[in-house]
Amino acid sequence: MTKKIILSESAPAAIGPYSQAVAIHGTLYVSGQIAISVLEAGGDIEEETHQVLKNLGYILIEAGYDYEDVVKCTIFVKDMNHFAQVNQVYAQYFSVNPPARETVEVARLPKDVRVEISCIAHK
């Protein structure tokens, strides 16, 4: 089986030389998603996190997966003081049998967003 490149028209296009996601052998690797439009519109961290998770969802659906298929997430936040708000939104998408996860504070994210999330899903 060869890798399959996944492209969802509902999620923002990649801003560099990478794919939104790659599927191979029943596993889907989703690149980090951000919410530039929400940040530029003045949205708060909760709105930004919702949009990031919606973007992940669009890509999951395009590939034939769902949030329940996610086995691992990585969250990058610009400010760990936002951990509680990000966590509260995240819990709405992964309320039952949540995936493994780490959350890391970073100095800077693409386009100066406040949160980026990537995931791995498996069927």
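Author: From the N terminus on, the elements run β-β-β-α-α-β-α-β-β, where helices (H or I, at least four residues) and strands (E, at least two) are DSSP runs numbered from the N terminus. This is a predicted model, in which local features need pLDDT of at least 70, side-chain atom pairs count only at pLDDT 80 or more, and totals for chains, interfaces and linings use all residues. Residues are numbered from 1 along each chain as its sequence is written, and side-chain values use heavy atoms, with hydrogens and water left out.

Reader: What makes N55 buried or exposed?

Author: Buried means under 20% relative accessible area, exposed over 50%, and partly exposed in between (1.4 Å probe, protein chains only). N55 has 2% relative accessibility, so N55 counts as buried. This residue lies in helix α2. Leaving aside neighbours within four places in sequence, N55 is in contact (heavy atoms within 4.5 Å) with A11, P12, Q33 and I34.

Reader: Which residues of α3 are buried, and how do you know where they sit around the axis?

Author: They are V86, V89, Y90 and Y93. The arc is that of the directions from the helix axis to the C-beta atoms. These residues cover an arc of only 105°, which puts them on the same side of α3. The face turned away from that buried side carries the exposed residues A84, Q88 and Q92. The cover over the buried residues of α3 includes α2, β4, β5 and β6.

Reader: Why are β4 and β5 called paired?

Author: Two strands pair if DSSP finds at least two bridges between them. Here 6 bridges join β4 (residues 70–77) to β5 (residues 100–105), so the strands pair, and they run parallel. Within this pair, V77 stands opposite E105 in β5.

Reader: What makes the β-α-β unit right-handed?

Author: A crossover is right-handed if, with the strands pointing away from the viewer, the path from the first strand over the helix to the second runs clockwise. The unit made by β4, helix α3 (residues 83–93) and β5 is right-handed.
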